[in-house]
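Reader: Please take a close look at the aromatic rings here. Tell me what they pair with and what surrounds them.

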Amino acid sequence: MARNQARRRKPRTAKRIKMPTIRISRIVTPLIAIGIVFATYQLSLTMLDRTISSIEINGPFQRVSALQIEESISEEIDAGFVGADLDRVQDRIVALPWIDQARVARRWPSRIAITVTEQVPAAIWGDSGLLNTRGELFVAEARHPPAELPRLSGPDERSAEVAKRYLAVRDQLIPIGLDLQRVHVDARGSWDMTLQNGIQVRLGRRDVPERTEVFLNVVADIVSSRAKEIDYVDMRYSNGFTIGWNGGSATPIAEPQQTEQEMLAARGTD
């Protein structure tokens with residue numbers, strides 16, 4: 001009896017799993033909307049992108065002319081009011097000699113406004129190079145470098161360092177009536193300076209910052225008060241310095257009461 005009941009049972013059928021349906025419209029509609037927005041944006045750019053009618057250039061124009069600036073960016077400007085790449089326009093202007101900074105902006109409906117700042121030479125580097133106030137070499141060979149500028153020299157990779165030391169020392173000399181005319185560092189790293197009055201200051205290779213401080217804090221006042229009697233100052237000693245007097249004489253110094261010989265420091269210079 002049990003066997004007959006088993007035979008009468010119907011075989012089990014596999015259940016069908018209903019897959020979720022995705023309407024195509026849910027995918028297509030956003031894509032169409034994005035396409036419309038993009039097309040509208042491109043159409044707007046096309047309508048706005050017109051030929052640049054004028055270029056406004058503001059600056060001191062002492063070393064660079066407005067015509068030079070306009071010629072340097074002519075290819076970029078041809079791209080149109082919207083199509084012109086302002087970053088590339090700015091880079092082309094800054095690449096010109098004597099240009100330090102440049103600002104470029106669009107002015108509706110078809111004008112480009114440019115403001116430039118020229119480099120300010122702070123010193124002559126080597127024979128005819130020019131350094132700005134940041135110690136950057138912006139002209140490698142100037143035709144007529146200003147004669148009144150101080151002269152700095154040394155390995156090219158140390159130009160910023162030399163300029164930094166020059167500016168730091170000069171700032172402390174000016175208040176006491178002194179100024180720097182020349183700063184030089186040779187290939188071995190030995191430093192020397194020449195004051196505006198022609199007095200040479202020898203710093204050597206070692207402990208240059210410390211020796212410079214001693215010169216500024218102690219010797220500069222002596223030089224300021226007796227400049228006409230002094231030929232050079234030698235700071236290349238571990239415990240002091242030497243003042244070389246004009247004519248080789250050993251004229252004593254008023255304060256402190258010491259002669260040149262008494263101011264000699266330990267042996268061995270540099």
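Author: A charge sits over a ring if NZ of Lys or CZ of Arg is within 6 Å of the ring centre and within 35 degrees of the ring normal. R165 meets this rule: its charged end sits over the ring of W191, 4.5 Å from the centre. R63 does likewise over W98, with 4.3 Å to the ring centre.

A word on the source. This is a predicted model, in which local features need pLDDT of at least 70, side-chain atom pairs count only at pLDDT 80 or more, and totals for chains, interfaces and linings use all residues. Residues are numbered from 1 along each chain as its sequence is written, and side-chain values use heavy atoms, with hydrogens and water left out.

Now the ring pairs. Rings of Phe, Tyr and Trp (its six-membered ring) pair if their centres lie within 6.5 Å; planes under 30 degrees apart count as stacked, over 60 as edge-to-face and the rest as tilted. The rule gives two aromatic pairs. F81 and W108 make an edge-to-face pair, 6.2 Å centre to centre, with 70 degrees between the planes. Helices (H or I, at least four residues) and strands (E, at least two) are DSSP runs, numbered from the N terminus. F81 lies in the loop between α4 (74-77) and α5 (86-94), and W108 in the loop between β2 (99-107) and β3 (111-118), so the pair ties together parts 27 residues apart in sequence. Buried means under 20% relative accessible area, exposed over 50%, partly exposed in between (1.4 Å probe, protein chains only). F81 is buried at 5%, whereas W108 is exposed at 56%.

W98 and F138 are also edge-to-face: 5.1 Å between centres, 75 degrees between planes. W98 sits in the loop between α5 and β2, F138 in strand β6 (residues 137-139), so this pair ties together parts 40 residues apart in sequence. W98 is buried at 13% relative accessibility. F138 is buried too, at 16%.

Next, the sheet. Two strands pair if DSSP finds at least two bridges between them. Three strands form an open, mixed sheet in the order β1-β3-β2. β1 (54-58) and β2 stand at the edges with a single partner strand each, so one side of each has no neighbour in the sheet. β2 and β3 run antiparallel, joined by eight bridges. A105 has A113 in β3 as its bridge partner.
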